[in-house]
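Thanks, everyone, for making the time this morning. I would like to go through one model with you, taking the helix packing, the metal site and a few backbone details in turn.

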Amino acid sequence: MYDTSKFVLKSEPVILGIESSCDETACAVLRGRKILSNRIISSAAEQAKYGGVVPEIASRMHTEAVDEVCRLALADAGMRPSDIDCVAATYGAGLLGALLVGLSFAKAFACVLNVPFVAVDHIRGHIAAAYLDKPDLEPPFVTLLASGGHTAVLHTLSHTRFEVLGGTSDDAAGEAFDKCARVLGLPYPGGPSVQKLAQSGTPCIDFPSALVKNSQSLRFSYSGLKTAVINYCHNAEQRGEPLRRADVAASFQRAAIDPLVKKTVECALAKGVKTVTAGGGVVANSYLRSSLNEACLKAGLEIVLPEKKFCTDNAAMIASEGLNQYMAGNFSPLSVNAAAAIPLG
Ligand code: KG4
Ligand code: ZN
């Protein structure tokens, strides 16, 4: 029988990671932190027809793609299933039906091979993407987390522990990008569309910053910024004035991102760490990347930014977090269920 207490740890295990929390079916193979393969089959184009992710479509497409994406990842890595030492898969947070496809597939895979299974918190995966860029990265460091569901500054204390220094009171940064895109009539997914349009604009409109001022703790809020963008666009329409969409995009982008960069650097200095890392889909944003790079350089901090393809959802980051848990001996039972939400930290 499958018994988690019987597994013997290897120093450089081959880890198969599976991700299916939203609209990407992904599989990656890592040897230690070395990426041997990283495959994604995305339903984003299909979802774009509906202007966002339809959970039913996501689940069906994962079901069709999960076997294929794993076969491709194993073939790219030149591995057979019997070469795998550990299987890691996202168990939450995300769409339940979508999560269950990758999770069940991964549990069956681990059970048949009789190797450890690690159920991965998707957000910890985003944090662990930094180790892909710098395998010898050692905590403690400060991490900016900015995705479609989360926005927070974290003090990463060890490979398995972090402390939340501050977060958002309402929407996440990625959600705000998606809503801004919708108001501007841009296609799904919103973040890359807003970024593209912003490149031809000037940040000349004074939208409210996403930083909550006069708060005892570090807080961000995106609802005021979102409302300001909606009102600005509607007012222009009502007055019959031409809407400078590129300027709106550039101004929104600045208001959404500048406080994240400023506060991340301030937190790093306050905590006395030498390194800043970042993760989550919004970290693929070119303006965020160059601002954070510049701010860290100015403050004398090292910055570790995962490649853009490892900021948005992928399975290499899930395997990377799988390795963190594997090294700590934190294996999961096969009874682990999918979770729509997981509290941060
Ligand atoms: O991390 P992620 O791929 O999925 C979640 O875990 O949520 O993040 C998705 C979010 C979306 O809201 C998307 O619009 C945003 O990340 N995003 C971006 C960019 N690429 C993706 N936001 C701003 N600029 C981008 N280039
Ligand atoms: Zn994500």
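Let me begin with a question: is the crossing of helix 7 and helix 8 left-handed or right-handed? Before I answer, please keep in mind that this is a predicted model, in which local features need pLDDT of at least 70 and side-chain atom pairs count only at pLDDT 80 or more, while totals for chains, interfaces and linings use all residues. Residues are numbered from 1 along each chain as its sequence is written, chains are lettered from A and ligands numbered from 1 in the order in which they are written, and side-chain values use heavy atoms, with hydrogens and water left out.

The crossing of helix 7 and helix 8 is right-handed, where right-handed means that the near helix is turned clockwise from the far one by less than a right angle, and left-handed that it is turned anticlockwise. Helices here are DSSP runs of H or I with at least four residues, and strands are runs of E with at least two, numbered from the N terminus. In contact, meaning heavy atoms within 4.5 Å, are Leu225, Val229, Tyr232 and Cys233 of helix 7 with Val248, Phe252, Ala255 and Ala256 of helix 8. These residues divide into 8 nonpolar, no polar and no charged, where Ala, Val, Leu, Ile, Met, Phe, Trp, Tyr, Cys and Pro count as nonpolar, Asp, Glu, Lys and Arg as charged, and the others, Gly among them, as polar.

Turning to helix 5 (residues 173-183) and helix 6 (residues 190-198), their axes come within 8 Å and cross at roughly 65 degrees, and this crossing is left-handed. Phe177, Asp178, Cys180 and Ala181 in helix 5 meet Gly190, Gly191 and Val194 in helix 6, a contact with 4 nonpolar, 2 polar and 1 charged residues. In the loop between helix 5 and helix 6 lies Pro189, and the peptide bond from Tyr188 to Pro189 is cis, with omega near -5 degrees.

Now to the metal site. The zinc ion (ligand 2) is coordinated at 2.0 Å by His122 (NE2), His126 (NE2) and Asp313 (OD), donors being N, O and S atoms within 2.8 Å of the metal (3.2 Å for Na, K and Ca), and since water is not among the atoms, sites may look incomplete. Along the chain, the donors of the zinc ion follow the spacing H-x3-H-x186-D. His122 in helix 4 (residues 122-133) and Asp313, in the loop between strand 11 (302-304) and helix 10 (316-327), are 191 residues apart, and the pair links distant parts of the chain.

Notes. Axes are lines fitted to C-alpha atoms, for helices over the stretch in contact, and angles run from 0 to 180 degrees between N-to-C directions.
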